[in-house]
Amino acid sequence: QVQLVESGGRLVQAGGSLRLSCAASGRNSIRYAMGWFRQAPGKEREFVAAISWSGSMTYYADSVKGRFTISRDNAKNTVYLQMNSLKPEDTAVYYCAADRTIKTDYTWAYWGQGTQVTVSS
């Protein structure tokens, strides 16, 4: 079992930056790939970014490439999502996910409760 707790979401103006954190706990959580997803009101949950357990592989949705950066600190069992040049369309609940396999679909084994990011225009 892996427990995930997100933090860092808040209201920010368009063009601003924000860093989300996801703390993982549980047996062997360090060996899991980690991902970020988001869900806006009335829309399906969508993939944002993912990172392998070693950090050597990363994937991004086209909509966030060049603006968002995923990273991890395995010593702290924490994954980060640095979000720059935020746009109102980035407004969503952001979810952290963990799985033994890195992927871009939503079939991840473990999920956090989510953190709200609101970008004002």
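Trainee: In what order do the 4 strands of the open sheet sit?

Mentor: Keep in mind that this is a predicted model. The order is 1-3-8-7, with antiparallel pairing.

Trainee: Which are the edge strands?

Mentor: Look for strands that pair on one side only: here those are strand 1 and strand 7, the latter covering 68-73. While you're at it, the twist averages 15° from one strand to the next.

Trainee: How many bridges hold strand 1 and strand 3 together?

Mentor: Strand 1 (residues 3-7) and strand 3 (residues 18-25) share 5 bridges in the antiparallel sense. To get your bearings, find Ser-7, whose bridge partner in strand 3 is Ser-21.

Trainee: And which residue in strand 8 stands opposite Cys-22?

Mentor: That's Val-79. Strand 3 and strand 8 (residues 78-83) run antiparallel, joined by 6 bridges. Now carry on across the sheet: Val-79 is also the bridge partner of Arg-72, and strand 7 is joined to strand 8 by 6 antiparallel bridges.

Trainee: Where do the side chains go in a regular strand?

Mentor: They alternate between the two faces of the sheet.

Trainee: Then let's turn to the core. Which residues have the most contacts inside the largest nonpolar core?

Mentor: Met-34, Trp-36, Leu-81, Met-83 and Tyr-94, in a core of 34 residues.

Conventions. Residues numbered from 1 in each chain as written. Predicted model: local features only at pLDDT ≥ 70, side-chain atom pairs only at ≥ 80, totals over all residues. Heavy atoms only, no water. Pairing = 2+ DSSP bridges. Helix = DSSP H or I, 4+ residues; strand = E, 2+ residues; numbered from the N terminus. Axes fitted to C-alpha atoms, helices over the stretch in contact; angles between N-to-C directions. Core = buried A, V, L, I, M, F, W, Y, C linked by side-chain atoms within 4.5 Å. Buried < 20%, exposed > 50% of the residue type's maximum accessible area, 1.4 Å probe, protein only.
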